[in-house]
Amino acid sequence: MSRTPQQAYAELIRREKERALINSSAALLAWDERTCMPRSGASYRAEQLAYLARLAHEMLTDPITGDLLAEAAELPAAQQSHSPEAAVLREIRRAYERAKKLPRSLVEELARATTLGQQAWEQARRTNNYASFRPHLERIVQLKRQEAEAVGYETSPYDALLDEYEPGETFENLRKLFAGLRQELGQIIGEVQATNRTPRRDILERDYPIPLQEVLARSAAVAIGFDFEAGRLDVTAHPFCSSVGPRDVRITTRYNPRHFAPAFFGVLHEAGHALYEQGLEPEHFGTPLGTPCSLGIHESQSRLWENQVGRSRPFWEHFFPRAQQMFVESLRDVTLDEFVFAINEVRPSLIRVEADEATYNLHILIRFELEHALITGDLLPADLPEAWNEKYRQYLRLTPPDDAQGCLQDIHWSAGLFGYFPTYTLGNLYAAQFMEKARQDLPNLEEQMRRGKFLDLRDWLRENIHRHGQRYRAAELCRKVTGRGLSWEPFLTYLRNKYAQLYGIKAPSVSQPKPAVAKKK
Ligand code: ZN
């Protein structure tokens, strides 16, 4: 073995970039599958994607990856924590070890079970028949528990699954964070409901011609900095954002001609994801320094633009007059305040994807607790519908009339995505904490928003978050950017301020008590 540590490191990077060629080709095939592929192309497309996935997996798990990691670890820079090299080696090692620990038979069995599971779930949801889905869920839970055992964990098998989406995060840490959040959210929602005030909800459900919706959504995406020279916007049934290359980031949305909100806020959401991808350093594409930090951080970027910015009054001071010019009939009798109230209504509901900013997180906490119990074995799939309904009664004071509007509403578990749900709430919390800091650093931000100027904020995010890729783990990044660990306090302060104006609830006191989660004992 005559490689120097420098040569080993360079070879690792070369192989990562080669693997990125395979994975990004798969991403393009997957984008095509969801946007424009003819139906009869499905079975061959599945073969193409399975083939590329196998190639990428073989490259990663090749024993040479282990050799190169060991040799490159001798690099002086690799000894310094937080050096780019140390981060690169940490993240490649994490992916390599995880992939190596999973037996091929388990990976293949999971792929099969989740393909069948998603088909069964779709059918079960359509026909409101949980019993037909139950055996699939039982099989998937069993396989995910095997996955957790194979990967290994310190305290909870759930951590082994969570780690895939939110590296370094643990159930115990989230349980504490979310317990405080739940209590405070319940308080705010209760105060809002006690006011008995409701916005004119109907103003969003009028005629909003699709071509005009598209013009407005595109102009908003451009205003916040989405680069259409390095991206596209298309139409799909389920909106998503996909990175096909360092200068090719694609988003999709769906339009409802009788509802203003889903497409407009959906585009802001996906464009927020895309700004993160467009803000990564192109020369590091496919390596850890050019890869998003975690799903929670990714979601913080989408929710920051969708909610913190896109549902704010200053944003609409700029966009509402434009919307009124475009949708003359539908917005003629609507004031700016009525519109801002309508897009921020708090209303407990049964369906997660239709939930408002406040109640949304309760939907997530329910799923977080239930999926943890499924993985530890404390809850059996047979008992899921009743456990689900009980949680909805406790948390939202609502009882689902059937399982289609209850435990069958989300695709995640049928696709084997356990440990994914909490990243949505983490995204909301990170978004609020980052935005609080951005407001301090950019004192003119509100004034800029009123004038439709958002690029200073985008550049702040690029500088502080995007360009680092995976150099820091999410918790470290948060501390580095905001000076403290993640807390629910900025999010709740933000909600309270907003609802003080819209509903007249009590505004946050000026000096905030220190967040309970940040204290030890
Ligand atoms: Zn998202």
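Hi everyone, I'll walk you through a zinc site, a pair of helices and some cavities in this structure. One thing to keep in mind is that we are looking at a predicted model.

Let's start with the metal. Which residues hold the zinc ion? The protein donors are His269 and His273, each through its NE2 atom, together with Glu299 through OE. These donors lie 2.1 to 2.3 Å from the zinc ion. If you follow the chain, their spacing reads H-x3-H-x25-E. Now find helix α11, which covers residues 261-279.

Next, the helix pair. When two helices pack, we describe them by the angle between their axes and by the distance between those axes. Here we have α9, residues 171-194, and α22, residues 489-503. Their axes come within 11 Å and cross at roughly 0 degrees. Angles under 35 degrees count as roughly parallel, so that is how α9 and α22 run relative to each other. And who meets whom? From α9, the residues include Leu181, Leu185 and Ile188, and on the α22 side they include Phe491, Leu492 and Tyr499. Sorted by class, this contact has nine nonpolar, one polar and three charged residues.

How many cavities of 30 Å³ or more does a search of the whole structure find? The search gives four. The largest cavity has a volume of about 50 Å³. Around it you'll find Leu12, Arg15, Glu16, Arg19, Met59, Leu60 and Thr65. Helices α1 and α2 each supply at least two residues of that lining, and α1 gives the largest share, with four. By class, the lining has three nonpolar, one polar and three charged residues.

Definitions and conventions. Residues are numbered from 1 along each chain as its sequence is written. This is a predicted model: local features need pLDDT of at least 70, side-chain atom pairs count only at pLDDT 80 or more; totals for chains, interfaces and linings use all residues. Side-chain values use heavy atoms; hydrogens and water are left out. Axes are lines fitted to C-alpha atoms, for helices over the stretch in contact, and angles run from 0 to 180 degrees between N-to-C directions. Angles under 35 degrees count as roughly parallel, over 145 as roughly antiparallel, 65 to 115 as roughly perpendicular and the rest as oblique. Contact means heavy atoms within 4.5 Å. Ala, Val, Leu, Ile, Met, Phe, Trp, Tyr, Cys and Pro count as nonpolar, Asp, Glu, Lys and Arg as charged, and the others, Gly among them, as polar. On a 1 Å grid over the protein atoms alone, a cavity is a set of points where a 1.4 Å probe fits but cannot get out, and a pocket is an open set with protein on both sides within 12 Å along at least five of seven lines; lining residues have an atom within 4 Å of a point. Grid points are joined across faces, edges and corners, and a volume is the space filled by probe spheres set on the points. Donors are N, O and S atoms within 2.8 Å of the metal (3.2 Å for Na, K and Ca); water is not among the atoms, so sites may look incomplete.
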